[in-house]
Amino acid sequence: MQARYQYGDLRIRKRNKGPDVWQFRFFDNGKRKSVLIGTLEKLPTKADAERAVEHRRVEINVESAQREFHSITIGALVDRFMAEYAPKHCRLNTQRAYRSFFNNHVRPKWGSEFVQNVKTMAVQDWLDGYPHSRQVKAHIRRYMHVLFNQAIRWEILERNPIDLVRQSSKRLKTPRTLTPVEFKALVGQLAEPYRTMVVTITCLGLRVCELLALQWGDIDFESLTVRIQQSIVAGEVNPTKTEASEGTLPLDPDLAETLLQHKGRATYTADTDYVFAGDTGKPRWKDAILADYLKPAAARAKIGKVGWHTFRRTYSTLLHSFGTAPVVQKELLRHADIRTTLDLYTRAVSEEKRAASSKVARALWAD
């Protein structure tokens with residue numbers, strides 16, 4: 001016998017202490033169960049409570065043959081995605097990004113629309129006229145694509161309407177990079193340890209999340225190599241951004257000497273200690289460093305605005321200007337796809353990478 005589609009029972013549950021709440025009751029394997037959906041303060045009308053309970057209604061009817069006759073909204077799909085998919089497959093920082101884009105951009109336009117009614121050209125027209133940057137709209141397009149792919153896995157849809165939506169992420173302005181003269185002017189305005197942090201991140205082409213996660217045990221001063229194997233975002237330690245991001249980089253001798261001098265001044269120097277640990281031994285916060293030290297130093301040096309990614313772009317630009325083979329650039333920048341740099345097919349040998357990296361370090365750092 002096929003399971004009947006359950007709508008469940010949504011009612012107000014009064015409480016002696018605290019605000020009254022919405023209670024959703026349903027059957028699970030013949031036994032009645034109930035969950036609390038939210039307070040009346042948060043969900044003042046039954047319509048609000050119905051929207052909040054919709055994704056749970058989808059869950060309890062996943063085995064029902066009649067589910068295909070009961071459409072769900074984008075809002076319910078988002079709720080289920082954030083409750084089931086995101087915690088298992090996304091880092092905390094990525095979960096926050098999904099939640100922000102869904103709540104600020106997707107829900108206001110599409111939240112009450114039924115999933116099956118979302119059409120490619122409707123989304124395309126919306127994005128074309130949406131008053132935000134290309135980067136923001138590219139993020140929206142990507143997050144919606146992931147959302148609908150998950151709907152396909154849950155057998156809610158058969159095709160992804162976002163597949164053919166086009167959205168360029170190309171910048172309208174050329175990203176900022178520093179010349180060697182500007183770089184030297186900047187580090188001349190920085191005190192330790194921020195001076196060594198900027199030298200290290202630029203001469204190795206690191207992402208800031210990788211710089212903050214660097215531990216003394218990752219640096220081999222004898223073989224002059226640095227192992228990149230983890231990252232830190234918002235205080236959370238994770239593996240590197242992608243599998244390709246993990247790897248071993250050549251360490252220029254002058255940069256190695258700079259790091260050894262920093263180690264001699266540091267309080268925390270065990271292999272498991274962070275190279276640029278704060279006063280408590282924990283990783284520093286990138287936003288505070290940028291606001292309190294790097295931007296003021298850039299203003300004093302009169303070189304314009306800088307951000308953390310300015311240093312990685314500077315490294316990439318100098319690699320290119322020195323005529324470094326594209327595949328060597330890809331290896332040093334640790335891009336997952338060679339198209340992120342340029343398209344080439346062979347793999348760089350370590351001596352080529354070491355020579356290319358040292359050219360950048362000497363251009364930036366040599367007197």
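Modeller: A salt bridge here needs a side-chain nitrogen of Lys or Arg within 4 Å of a carboxyl oxygen of Asp or Glu. Keep that cut-off in mind. Keep in mind, too, that this is a predicted model.

Start with Arg141. Arg141 sits in helix α5, which covers residues 134-153. Arg141 is buried, yet it has no salt bridge. Which side chain of opposite charge is nearest to Arg141? That is Asp163, 5.5 Å away. The limit for a salt bridge is 4 Å, so at 5.5 Å Asp163 does not count as a partner of Arg141.

What else surrounds Arg141? Set aside its neighbours within four places in sequence, and Arg141 is in contact with Leu127, Ile162, Asp163, Val165 and Gln167.

Three residues are linked in a network of them: Glu192, Arg195 and Arg265. Glu192 meets Arg195 in a salt bridge, N to O at 3.6 Å. Glu192 also meets Arg265, with N to O at 3.4 Å. Arg265 belongs to helix α9 (residues 253-265), while Glu192 lies in the loop between α6 (180-187) and α7 (194-204), so this pair ties together parts that are 73 residues apart in sequence.

Glu192 has another feature. A cis peptide bond joins Glu192 to Pro193, with omega at about 5°. Pro193 is in the loop between α6 and α7. So the loop that holds Glu192 also holds Pro193.

A further salt bridge joins Lys286 and Asp287, where the closest N and O atoms are 3.1 Å apart. Lys286 is partly exposed at 32% relative accessibility. Asp287 counts as exposed, at 51%.

Charges can also sit over rings. Arg80 lies over the face of Trp154, at 4.0 Å from the ring centre. The charged end of Lys109 sits over the ring of Trp110, 5.5 Å from its centre.

Phe81 lies in helix α2 (residues 74-89) and Phe102 in helix α3 (residues 92-110), so the pair ties together parts that are 21 residues apart in sequence. Phe81 is buried, at 0% relative accessible area. Phe102 is buried as well, also at 0%.

Both rings belong to one aromatic cluster, formed by Phe81, Tyr85, Tyr98, Phe101, Phe102 and Tyr143. Tyr143 leads back to where we began.

Two backbone details deserve a look. Leu224 has a positive phi of about 55°, although it is not a glycine. Leu224 is found in the loop between β4 (219-220) and β5 (225-228). Leu224 is partly exposed, at 21%. Lys302 has a positive phi too, near 60°, and is likewise not a glycine. Its place is the loop between α10 (286-301) and α11 (308-321). Lys302 counts as exposed, at 75%.

Finally, step back to the whole chain. The protein chain has 13 helices and eight strands. Of its 367 residues, 45% count as buried. Take the contacts with a separation of 6 or more: residues 24 or more positions apart account for 58% of them. The chain exposes about 20300 Å², and carbon and sulfur atoms supply 49% of that.

Key
Residues are numbered from 1 along each chain as its sequence is written. This is a predicted model: local features need pLDDT of at least 70, side-chain atom pairs count only at pLDDT 80 or more; totals for chains, interfaces and linings use all residues. Side-chain values use heavy atoms; hydrogens and water are left out. Helices (H or I, at least four residues) and strands (E, at least two) are DSSP runs, numbered from the N terminus. Buried means under 20% relative accessible area, exposed over 50%, partly exposed in between (1.4 Å probe, protein chains only). Lys and Arg count as positive and Asp and Glu as negative; His and the chain ends are not counted. Contact means heavy atoms within 4.5 Å. Rings of Phe, Tyr and Trp (its six-membered ring) pair if their centres lie within 6.5 Å; planes under 30 degrees apart count as stacked, over 60 as edge-to-face and the rest as tilted. A charge sits over a ring if NZ of Lys or CZ of Arg is within 6 Å of the ring centre and within 35 degrees of the ring normal. Accessible areas come from the Shrake-Rupley method with a 1.4 Å probe; for residues, only the protein chains shown count as cover.
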